[in-house]
Amino acid sequence: MMLIEYLQSQPALASGVALVFGLLVGSFLNVVIYRLPVMLERDWRAQAREVLASDADTGPVRGESDAPFNLIVPRSRCPSCGHAIRAHENIPIVSYALQRGRCRACGWRIPLRYPAVELLSGVLSLIAVAHFGVTFTACAALGLTYALVALAFIDLDTQYLPDCITLPLLWAGLAVNLAGTGTFASLRDAVVGAIAGYLSLWSIYWLFKLIARKEGMGYGDFKLMAALGAWMGWSMLPATVLLSSLAGAVVGVTLIVVRGHDRQVPIPFGPFIAAAGWTCLLWGEALNRVYLGAAG
């Protein structure tokens, strides 16, 4: 309690601690973003073998190791040479800069996205703590922030939003608003928000499918919007849908015009929902005032 009170009296220090903490969490999020889809794919294959294969054919898929693979083991290694990454080589941002973005053992170029995820997590943590202060609300906002970062990058890589993150996130939003007596919204608004969040994109999905005769988004998008409704309440959903749609449209048109992106290749919508949801979490009320004022 004394530490919390001290940080509350030192906003600059609290923001610095949030930045460093966010950088460390960002390093772990890189592991989640890479490994979780692989873990899920292995689990699906194992379940498929149990259903389809004979009793004599239940071993691992050829070329796929049956060694433990989760968020903890095995240790992180260079994908090029297998060099085990040591603790001093895994310091967020610093190690990447000192090693000039290359593996110390083989010189393989480390993707820029790894420090980018760390930096993004750190900056978002700093902003959240600066906005909410050293409070329960800030801690809850940080949890939501890290989940959204992981979901956004997993969707970019795989065009999939894992249920093992979206569904617990929905229940966590309801629990936070219950435990904090309406931390971000009243419990009633949170429940209505979860329902309305799911139905809003579900309705758009089926309307688009009936008109265009093809799918315009995935079911994971519905669940993510439901989770955001559970966190922020139904009143923040219009601004979230509007912001994510505008951002998605701008990025989509830009990719088609500038980079010649194939219109038949879908663009993940999850990152836009995540970015819009995080923005509305912090500044949703101001955005609603602007939106309602413009609408008369």
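W206 is partly exposed, with a relative accessible area of 32%; buried means under 20%, exposed over 50% and partly exposed in between (1.4 Å probe, protein chains only). The model is predicted: local features need pLDDT of at least 70, side-chain atom pairs count only at pLDDT 80 or more, and totals for chains, interfaces and linings use all residues. Residues are numbered from 1 along each chain as its sequence is written, and side-chain values use heavy atoms, with hydrogens and water left out.

**Exercise 1.** Classify the aromatic pair formed by Y205 and W206.

Step 1. Rings of Phe, Tyr and Trp (its six-membered ring) pair if their centres lie within 6.5 Å; planes under 30 degrees apart count as stacked, over 60 as edge-to-face and the rest as tilted.
Step 2. A search of the whole structure finds 11 aromatic pairs. In the pair of Y205 and W206, the centres are 5.2 Å apart and the planes make 85°, an edge-to-face arrangement.
Step 3. Y205 has 2% relative accessibility and therefore counts as buried.
Step 4. Y205 and W206 also belong to one aromatic cluster with Y198, Y219 and F222.

**Exercise 2.** Which residues form the nonpolar patch on the surface?

Step 1. Patch residues have over 30% relative accessible area and no salt bridge; like charges are joined within 9 Å, nonpolar side chains (Val, Leu, Ile, Met, Phe, Trp, Tyr) within 5 Å. A salt bridge is a side-chain nitrogen of Lys or Arg within 4 Å of a carboxyl oxygen of Asp or Glu.
Step 2. The patch consists of L178, L187, V191, I195, L199, W202, W206 and Y219, with about 720 Å² of accessible area together (Shrake-Rupley method, 1.4 Å probe; for residues, only the protein chains shown count as cover).
Step 3. Helix 7 (residues 187-212) gives the most, 6 residues; helices (H or I, at least four residues) are DSSP runs, numbered from the N terminus.
Step 4. W202 lies in helix 7 and is partly exposed, at 35% relative accessible area.

**Exercise 3.** Which residues have the most contacts inside the largest nonpolar core?

Step 1. A nonpolar core is a set of buried Ala, Val, Leu, Ile, Met, Phe, Trp, Tyr and Cys residues joined through side-chain atoms within 4.5 Å.
Step 2. The largest such core has 61 residues, and L148, L169, F184 and W231 have the most contacts inside it.
Step 3. Helix 5 supplies the largest share of this core, 14 residues.

Key. Helices (H or I, at least four residues) and strands (E, at least two) are DSSP runs, numbered from the N terminus.
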